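Got the viewer open and a selection box ready? Let's walk through this one stop by stop, starting with the whole chain and then zooming in.

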Amino acid sequence: MNENLTALVPELGLLGAAVIGLLSGSWLPRRRQWAIAVLAVAACVAGLVATAATLATDREQTVFSHAFAVDTATGVGRLVVLTALLLITGMSTETVRGHARETEYWVLLLMTGAGTLALIGANDLLMLFAAYLLASIPAYALAAFAKDASGTEAALKYYLMGALLGTTMLAGTAVLYAVGHGTLYRGLNAALPTAPYGLVAVGLVGVLAGLVFKAGAVPAHFWVPDVTEGAPAPVAAYVTTLPKVGGLIAGYRLLHQALPGSDVNWPLLLAILAAVTMTLGNFAAFFQRSVTRLLAYSTISQVGYLLMALAVATRTDLAQRSLLCYLAAYAATNLGVFAVVTELPHARSLDDYRGLGRHRPGLAAVLVVCLLGLVGTPPTGVFLGKLEVFTATIDGGYTWLAVLAVANTVASLFYYLRWLAPVFTTTAPAPAATQVALGRWAAVTAYAAAVLSLALGIAGQTVLTLTDGPLLP
């Protein structure tokens, strides 16, 4: 049995930093709690270096009885999650500085980040469920970090839905274990094709319920608008980005490795979920005046596009690279928008951004790049990601789904432009909400995310080459 702990440097680094940070924060005075943020940054940088070294040397392996796979999907997922954690740390700095629970914030962020990394590499149903819990429980506490009425209500909804679908996921795991006589994906791959059809279908739907919750897709999407609006802006940035990365890569690995030979028509199920999710998210976003609720429904629609790659996971070789490329671009672009929202804490509605282009042209430029990037405008990374996903979907035999996705993409331009229109209004004075800035760190994070979104699109061939590689059994 391979028990190589060096293969888990990014995960162990985040967990170790969380433990050290919790102990150290108990003794540090409040004005020096920022040291835990520095520790979090150091853990993320160390994880990025270790991941880059693994990808450069092709040291792919499975560890601990094949329960965790270190391969291309894991490596790219680690790069996305750790970079996103650095961006979220940047936009969180002024929000939690001097807070009575500043240490706890960084510790919770590190722990849920480690859970997301565990989801990405999970190659076993029990490992998958343990990672689900580690990624979810700290996130519930983060959603209620402000301890106000809206945040508490949002966290309660988040927790109740997560507990319900987590229980459903555990039940599905039990059913698949019963019919597959094991929990390792390689064992299920061999056993499920001859198992009873009905039990396999029930078990798969149960496991997918938990992953759909993590991704924020229909029908487990109801928590997304409330948490995005009720939680602090950096936490909203987290819950609309990192759980999707973990849940979607975990779902792709499960379907590709454990279910390729099953008679259950899960590709059609995923295609229908993708179609309903992207359409509902776009239609609901049309009527939003709150920027956070608009972004919440926007992120739901983005999950619909991403689910297309899962629907064709075993039908085309383009599925994996399209999913990983889209996730990387979406993470950078979405965090760029949320960094602007964090920088302008009093700008809650679309009208509050009126005239932003005159007195904060840098932030206005970030909004242009990132909002149009979410539509899929070249040369941003999301354009490349959408192009790859649409191509993979057509290659996988779901042309109707690709056509629907194109129609939804065109429709989404309406509500993104409705946000940008007041930004460049020159006939009315700018409201006071956009003249009160939080601090320099959120603005720097916004600029960095916008540059990264553009870089992922411009260096598209390099990104696609990085995402090519087989999943380890």
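This is a predicted model: local features need pLDDT of at least 70, side-chain atom pairs count only at pLDDT 80 or more; totals for chains, interfaces and linings use all residues.

Residues are numbered from 1 along each chain as its sequence is written, and side-chain values use heavy atoms, with hydrogens and water left out.

Now switch to cartoon. Along the principal axes, the C-alpha atoms fill a box of roughly 70 × 55 × 45 Å. Of the 473 residues, 60% count as buried, meaning under 20% relative accessible area with a 1.4 Å probe, protein chains only.

Next, select L128, L254, Y353, L367 and W419. These have the most contacts inside the largest nonpolar core, which has 164 residues. Such a core is a set of buried Ala, Val, Leu, Ile, Met, Phe, Trp, Tyr and Cys residues joined through side-chain atoms within 4.5 Å. Helix α14 (residues 319-343) gives the most to this core, with 17 residues. Another core, of 5 residues, lies apart from it; A7, L8, V63 and F68 are among them.

Zoom in on L128. Which residues does L128 touch, leaving aside its neighbours within four places in sequence? Pick L119, A122, M169, Y185, V207, L211 and A250.

Then take α8, residues 197-215. At 1.5 Å a residue (times one less than the number of residues), its 19 residues should span 27 Å, and the end C-alpha atoms are 26 Å apart, which agrees. Colour by burial and 14 of the 19 residues come up buried. Step just past the helix to G216, which takes a positive phi of about 80 degrees.

Last stop: T380, in the loop between α16 (361-375) and α17 (381-395). Is T380 buried or exposed? Buried, with a relative accessible area of 5%. The T380 side chain reaches the backbone oxygen of T377 at 2.6 Å. Beyond its neighbours within four places in sequence, show V369, G373, S453, L454 and G457, which T380 contacts.

Notes
Helices (H or I, at least four residues) and strands (E, at least two) are DSSP runs, numbered from the N terminus. Buried means under 20% relative accessible area, exposed over 50%, partly exposed in between (1.4 Å probe, protein chains only). Contact means heavy atoms within 4.5 Å. A polar contact is a pair of N or O atoms within 3.5 Å; within protein, one must be able to donate a hydrogen and the other to accept it, and residues adjacent in sequence count only if both atoms are side-chain atoms.
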